[in-house]
Amino acid sequence: MKSILLIGLGRFGRHAARKLDEMGHEVLAVDKDEERVQAALPFVTNSQIGDSTDENFLKSLGINNFDVCIVAIGDNFQSSLETTSLLKELGAKLVVSRAARDVHAKFLLRNGADHIVYPEKQLALWTAIRYSSNHVFDYIELNADYSIFEVEVPEQWIGKSVQQIDIRKRYQLNVIAVKKDGYLNPELTPEYSFSEGETILVIGKNKNIHRCFHL
């Protein structure tokens, strides 16, 4: 369990708060808008109404007591930038800031952000790949070259074993799990045979995944 300071309770902030709560973390949520703070009360440990660009207000929160500070402000870049900078000056251990554009990311990184998240950009990439390719069910980009794809088991693989397909030797890819009817099986043996209706999670270079599954 970690102690999280979440600043900004717009759509992105609220979704982050709900997920952090589900994961069992302690969350202090902050926003200038009282209605947003009230709406977040059921799924955060504590909340404060306040201006995160006010140094005295941030000091009162005890910034160095948090494991992670998330700046989820999405409607005012100047406030996001000032908040990020103040958090680092006040001793924040880890600052994760939301960015909408590359230029915003550069300024945030220069002013104290340790990591940047691009909700719109990341979702746009996922949507483009998920819905422009046949038989792709999910996609996680690990870096510019490597990803994890969830794809439908190719028809020609049905009834054949992992060893027979030998995807590692032929395409330098690894099958890390198989899913069927909502059940995930990550413990595949070389003798495991693929069946109809399954999807597989594959990790490797993007170009090899595209080549193997004709994406």
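A charge is taken to sit over a ring if NZ of Lys or CZ of Arg is within 6 Å of the ring centre and within 35 degrees of the ring normal. In the predicted model described here, Arg 110 meets this description: Arg 110 lies over the face of Phe 107, at 5.9 Å from the ring centre.

The chain is assigned two domains, domain 1 covering residues 3–118 and domain 2 covering residues 133–213. Between the C-alpha centres of domain 1 and domain 2 there is a separation of 37 Å.

An open sheet of five strands was found, with antiparallel pairing and the strand order E7-E8-E11-E9-E10. Strand E7 (136–141) and strand E10 (183–185) form the edges, each pairing on one side only. On average, neighbouring strands of this sheet are turned by 20° against each other, direction ignored. Helix H9, made up of residues 206–213, packs on the sheet and touches E8 and strand E11 (199–205). The direction of H9 makes about 135° with that of E11. Strand E8 (residues 146–152) runs antiparallel to E7, and five bridges join the two. Tyr 139 stands opposite Phe 149, a residue of E8.

Four aromatic pairs are present in the structure. One of them is formed by Tyr 192 and Phe 194, with an edge-to-face arrangement, a distance of 6.0 Å centre to centre and an angle of 80° between the planes. Phe 194 has a relative accessible area of 3% and is therefore classed as buried, the cut-off for that class being under 20%. Tyr 192 has a relative accessible area of 21%, so Tyr 192 counts as partly exposed. Tyr 192 and Phe 194 also belong to one aromatic cluster, together with Trp 157 and Phe 213.

A further site concerns a glycine. Gly 50 is placed in the loop between strand E3 (46–49) and helix H3 (55–60). With a relative accessible area of 14%, Gly 50 is buried. When residues up to four places away in sequence are not counted, Gly 50 touches Val 30, Asp 31, Lys 32 and Phe 57. Gly 50 and Glu 155 are 105 residues apart along the chain, and their C-alpha atoms are separated by 57 Å.

Notes:
Residues are numbered from 1 along each chain as its sequence is written. This is a predicted model: local features need pLDDT of at least 70, side-chain atom pairs count only at pLDDT 80 or more; totals for chains, interfaces and linings use all residues. Side-chain values use heavy atoms; hydrogens and water are left out. Domain bounds come from an automatic or database domain assignment. Two strands pair if DSSP finds at least two bridges between them. Helices (H or I, at least four residues) and strands (E, at least two) are DSSP runs, numbered from the N terminus. Axes are lines fitted to C-alpha atoms, for helices over the stretch in contact, and angles run from 0 to 180 degrees between N-to-C directions. Contact means heavy atoms within 4.5 Å. Rings of Phe, Tyr and Trp (its six-membered ring) pair if their centres lie within 6.5 Å; planes under 30 degrees apart count as stacked, over 60 as edge-to-face and the rest as tilted. Buried means under 20% relative accessible area, exposed over 50%, partly exposed in between (1.4 Å probe, protein chains only).
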